[in-house]
Amino acid sequence: MLSVENLTLKYGQSQILHGISLTAEPGKVTAVTGTNGVGKTSLLKAIAGRHPYSGGTITLDGKPLNHLSAFQAGRAGIAYVPQGREVFPLMTVQENLETGFACLPRSEHTVPPHIFDLFPILKDFLHRRGGDLSGGQQQQLAIARALISKPRVLLLDEPTEGIQPNIIQQIGRVIAQLRDQGDMAIILVEQYFDFMWDLADSFVAVQRGAVSLAGRAGEIDREDLLARVSI
Ligand SMILES: Nc1ncnc2c1ncn2[C@@H]1O[C@H](COP(=O)(O)OP(=O)(O)OP(=O)(O)O)[C@@H](O)[C@H]1O
């Protein structure tokens with residue numbers, strides 16, 4: 001289980017996260033939602049070692065992850081799918097997938113076949129350049145690349161942003177499949193309300209860098225949550 005406690009984060013003098021706490025359990029989707037600029041991406045970056053946090057703790061299965069670098073976080077089992085996907089446009093799909101090997105020992109540098117069961121289109125397009133894929137295909141590639149390291153925690157930052165509806169559905173099915181495997185904790189940052197409402201096992205609403213509402217599916221009131229994440 002990933003546990004974040006009282007996390008604070010600053011950009012220069014400006015404090016963005018004011019003591020965020022959440023837990024993400026294996027086999028569950030934890031949705032983090034909120035309007036633009038409340039600090040959702042900053043939270044994921046802190047967990048993924050992409051930006052230093054100024055206070056609080058992050059633990060994985062009880063073991064503190066003390067201000068890890070992105071590489072160390074990857075080695076510890078945390079994979080991050082950034083907002084905007086960050087696919088390398090001039091590299092092929094195969095080469096993009098291979099960048100996911102960075103945190104793995106050389107003996108494990110193979111793309112597991114189940115990646116192509118989840119995303120068959122990537123097998124067909126292995127030799128296409130990343131930049132020639134559609135937005136939805138790039139999103140699938142970005143998730144597949146993150147899965148290469150067999151993470152224990154998968155961080156997804158707005159996977160539906162700018163994606164056509166049929167691919168959104170497909171991405172939803174993949175997230176549900178990964179959740180149902182039972183061994184991966186998934187943190188889904190998402191503003192597409194119905195998508196995350198249908199998928200998540202628990203919810204964390206963030207307002208101005210702090211948690212304003214949190215609870216499990218079934219316990220949380222839909223309208224209450226919706227009101228907190230709407231402009
Ligand atoms: N590198 C940075 N330097 C300074 N300020 C930043 C930086 N990155 C983000 N911010 C600011 O921090 C705040 C939180 O940004 P963040 O991207 O974490 O929010 P968010 O909830 O993910 O928003 P969005 O949904 O628009 O991605 C915003 O006010 C943003 O302008």
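My entries below go through the sheet, a helix, the ligand and a loop residue.

**Ground rules.** I'm working with a predicted model, where local features need pLDDT of at least 70, side-chain atom pairs count only at pLDDT 80 or more, and totals for chains, interfaces and linings use all residues. I number residues from 1 along each chain as its sequence is written.

**The sheet.** I looked up the strands and found 4 of them in an open sheet, ordered β2-β1-β4-β5, with antiparallel pairing. The edges are β2 (14–24) and β5 (63–64); each has a single partner strand, so one side of each has no neighbour in the sheet. Helices (H or I, at least four residues) and strands (E, at least two) are DSSP runs, numbered from the N terminus. Strands pair if DSSP finds at least two bridges between them.

I then checked β1 (residues 2–11) against β4 (residues 55–60): 5 bridges join these antiparallel strands. Valine 4 sits opposite isoleucine 58 in β4.

**Helix α6.** How many residues does α6 have, and how far does it reach? I got 13 residues (135–147) and 19 Å from first C-alpha to last, close to the 18 Å expected at 1.5 Å a residue. That expected span is 1.5 Å times one less than the number of residues.

Next I checked burial (buried means 20 or more other C-beta atoms within 10 Å of a residue's own, exposed means 12 or fewer, partly exposed is in between; C-beta atoms are placed from the backbone). In α6, 11 of the 13 residues are buried, so the rest of the structure largely encloses this helix. Among them are Gly136, Leu141, Ile143 and Leu147. The buried residues of α6 pack against β6 (78–81), α3 (93–98), α4 (114–118), α5 (120–124) and α7 (165–181). Contact here means C-beta atoms, placed from the backbone, within 7 Å.

**The ligand.** Which residues surround the ligand? I noted several, including Tyr11, Asn36, Lys40, Thr41 and Gln83. A residue counts as near if its C-beta atom, placed from the backbone, lies within 6 Å. Helix α1 gives the most to this shell, with 3 residues.

**Phenylalanine 125.** I found phenylalanine 125 in the loop between α5 and α6. Not counting residues up to four places away in sequence, phenylalanine 125 touches Val93, Leu133 and Gln137.

Notes
Two residues are in contact if their C-beta atoms, placed from the backbone, lie within 7 Å.
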